[in-house]
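Welcome, and thanks for opening the viewer. Keep your selection tool handy, and we will walk from stop to stop together.

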Amino acid sequence: MFVKLFSKMEEGKNTFMKWNKVILCMLVLISCVVPVSFSFASDNTHTGHKLSDIKQIASGYATMYALNKQGELWGWGYNSNGNLGLGDKVDRFAPVKLPTPSALKFKQIASGFGITAALTTDGQVVSWSNDVYDLPTYRSKTPAIVSGFSHIKQVATGDNFVLALDEQGKVWGWGSNNTGGIPGAAKGEVSQPVLISGLPDHIKSITSNYNGGGAALTDQGKVWYWRSTSKDGKQPATAPTEIPNISQVQSLHSYYWNVAVIDKQGKGLIFDTDSKKLQSITVSGSLKDISDGSVVTNDGNMYTYDTDNAKWISVKNHPSGIEQIQGDFLILTSLGEVWSKGVNVNGQLGIDSYVRHIETYQSVVQPIQVTVNGQIIQLVNSPKIINNIVYLPIRGVEKLGVKVQWNSAQKDTVILTKDQQAIQLKVGQKQAQVNGKTVKLDGSVQTFNGSILVPIRFVSQTFGSKVSWNPKEYIVAITSTAS
C-alpha cells in the first residue's frame, strides 16, 4: 500500500511536469538595456546578490513566492497566464518585488495554480487570479484587497479557491467551487467568503492542495479533512470528516492531493484521501517540515521518497539550516536565504538564468532594482554588472522622457533622442555618436540573453539626469529633470 500510495503521488507529479514542459511556453520579451559605471571588487558578470531576510516561501506549480521580514512580497517563475499579478504575461527568471495596494505589509502567502492569496499584518486578505480561466468580474488580475473581510490569521489555496481562518477559529472559502472544494457553498463561482460547513469550533490551522479540498487542525490536536471531486470523477467530493486514529498533531501540511501531519513527538504521517489509510514517514529524527515527496528534520537532514525502492532516501549537498521546503526544489534556510534546483523552463529557480535545468542547489538572487524619481520600475530583464559597470534596461531611460528607436536594418544599433540630443549606440563598440560626434563610453555595448546592454553614465549626463548606486540595497536610482 505504501508503495502504491507514493507511486500514485509521484505519477501525479511527473504528469504535471510533462504537462508543464509541453503546454507552458517561455515568453521571452526582447528588451534592451542601458548602464552607469560604479566601482566593484571583481570583473565578473553579476545579476544581483542573494535574496535575503526571507521568512516564508510558497509555490503555485511553477510560480514561486518569497515573503521577507519587512513584509514585502517577491515573485518569480511561470507568469504566462498573469500568475504573478504584474499585469503582463511574461515569465520572470529573477525575483521581482510585487506591487501591492496601499503599500501593505504581509505576514503570509499561499498560492495555487489559478489563484494566490496573501495575508496582511492587520488581518486583511489580498488576492489575485490568473486569466487562464474566463474570470468572473469579482476576481482581480492584480493584487486587490478582499473587501469586507478582516480579522484573518491564516490563508490557504486550492487549485482555484482560497480558504481563510479567522481569529475566532472559523474557516471561510471563496473562488471556484465547481468540484466541491468549498463545503457549504453552491456549485460554481463563490464571489464572497462563505463559512465552511461541518467543521468543529476552535480551528487552529488549515491547509489545502492543488487537487482541491482541505484540512483543518483543532486546538485539541485533531484533524478534519474534506476533498473535492477527483479529476476523473471517480472520487466524489466529501464533507469535512475527522481523520481517525490520529491525535496530538502539532502541524498540518499539504502533500500532493493528500494530508500530512507532524505530531508533538515529531513523527510524520500521511493520510491518503482515496484509500482513507494512514502511513508513517520513516526517517531518522523528528520532523520540522513536510512538502510533496520531501521532508526535513529538526537536526537539518532532508529526505525524499524513492518510489522505485519504496523508501525515504537522504538528500545530499543541500543547504544547511533548513527552515522550510517546497518539495525538494525550493528551500528556505535559517539565514533567510532561498535556494533552488531542478527545472527552470519558466524561470522557477529564480537565478536570473535561462538554463533549463540545474541538478545542484543555487541561491535565488535579488536582482538589481531601478528607481526613476523614487519609483521602482518593473523590468522584464534585470540589470547586470559587467566589468565593474552597472548595465540598466533601456526602459529606465525611457522613463526619463527619452525616445528609443531601433535601426530596422541592423538590430544591433539603437538611437536615443530627447530634446535636441541624439545618441547612437552599437553592440560591441566602446564609443557612441552624440549629435554626430564620437564620445568614448565607460564600457562597450553588450548583449545578454537577447537583450542589448549599454553603459548609461554618459546618457545620464547628456540628458541631464543624475544616477546613484546603493550597494547595500542593490538599487540604481535615476533622478530625471523631465517634467
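Which residue in strand 28 does isoleucine 325 stand opposite? Select isoleucine 325 and look across: the residue facing it in strand 28 is isoleucine 331. Before going on, please keep in mind that this is a predicted model.

**Stop 1**

Select residues 322-326, which are strand 27, and residues 330-333, which are strand 28. These two run antiparallel and are joined by four bridges. Together they form a hairpin with three residues between the strands, and glycine 327 in the turn has a positive phi of about 55°.

One place to look is leucine 332, whose bridge partner in strand 29 is valine 338. Strand 28 and strand 29 also form a hairpin, with four residues between them. In that turn, glycine 336 has a positive phi of about 80°.

Show the side chains of strand 28 next. In a regular strand, side chains alternate between the two faces of the sheet. Here Leu330 and Leu332 point one way, while Ile331 and Thr333 point the other way. Are these four buried or exposed? All of them are buried.

**Stop 2: isoleucine 322**

Stay with strand 27 and pick isoleucine 322, which lies in it. Its relative accessible area is 1%, so isoleucine 322 counts as buried. Colour what isoleucine 322 touches beyond four places in sequence: Lys288, Val296, Met302, Ile331, Leu332 and Thr333. For a distance to check, draw a line to serine 334: the C-alpha atoms of isoleucine 322 and serine 334 are separated by 6.1 Å, with the residues 12 apart along the chain.

**Stop 3: isoleucine 262**

Move to strand 20, residues 258-263, and select isoleucine 262. Isoleucine 262 is buried, with a relative accessible area of 1%. Its contacts, leaving aside neighbours within four places in sequence, include Val249, His253, Lys267, Leu287 and Ile290. Lys288 is also among the contacts of isoleucine 262, and isoleucine 322 from the previous stop touches Lys288 as well. From C-alpha to C-alpha, isoleucine 262 and leucine 252 are 6.7 Å apart, and they are 10 residues apart in sequence.

**Stop 4**

Now find the open sheet of four strands, with order 3-4-5-6 and antiparallel pairing. Strand 3 (54-60) and strand 6 (92-97) stand at the edges with a single partner strand each, so one side of each has no neighbour in the sheet. Turn the view to follow the twist, which averages 15° from one strand to the next.

Zoom in on strand 5, residues 73-77, which pairs with strand 6 in the antiparallel sense over three bridges. Select glycine 75 there, and you will find its bridge partner in strand 6 is valine 96.

**Stop 5: aromatic rings**

How many aromatic pairs are there? The count comes to 10. Select tyrosine 65 and tryptophan 128, an edge-to-face pair at 6.1 Å centre to centre with 70° between the planes. Tyrosine 65 belongs to strand 4 (residues 63-68) and tryptophan 128 to strand 9 (residues 125-129), so this pair ties together parts that are 63 residues apart in sequence. Tyrosine 65 and tryptophan 128 are both buried.

For another pair, pick tyrosine 255 and tyrosine 256, edge-to-face at 5.2 Å centre to centre and 85° between the planes. These two tyrosines are buried as well. Then select Phe149, Trp172 and Trp174, which form one aromatic cluster.

**Stop 6: the nonpolar cores**

Finish with the largest nonpolar core, which has 31 residues. Leu416, Ile423, Leu425, Phe458 and Val459 touch the most other members. Elements that each supply at least two residues of this core include helix 2 (394-398), strand 37 (413-418), strand 38 (421-426) and helix 3 (457-462). Centre on leucine 416, which touches, among others, Ile394, Val397, Ile423, Leu425, Val459 and Phe463. Apart from this core lies another of 26 residues, among them Ala117, Val155, Val162 and Ile203.

**Last stop: the whole chain**

Zoom out to see three helices and 44 strands. Of the 483 residues, 55% count as buried. The chain exposes about 20,600 Å², of which carbon and sulfur atoms supply 48%.

Methods. Residues numbered from 1 in each chain as written. Heavy atoms only, no water. Pairing = 2+ DSSP bridges. Axes fitted to C-alpha atoms, helices over the stretch in contact; angles between N-to-C directions. Buried < 20%, exposed > 50% of the residue type's maximum accessible area, 1.4 Å probe, protein only. Contact = heavy atoms within 4.5 Å. Phe/Tyr/Trp six-rings, centres within 6.5 Å; stacked < 30°, edge-to-face > 60°. Core = buried A, V, L, I, M, F, W, Y, C linked by side-chain atoms within 4.5 Å. Areas by Shrake-Rupley, 256 points an atom, 1.4 Å probe, with all protein chains shown as cover.
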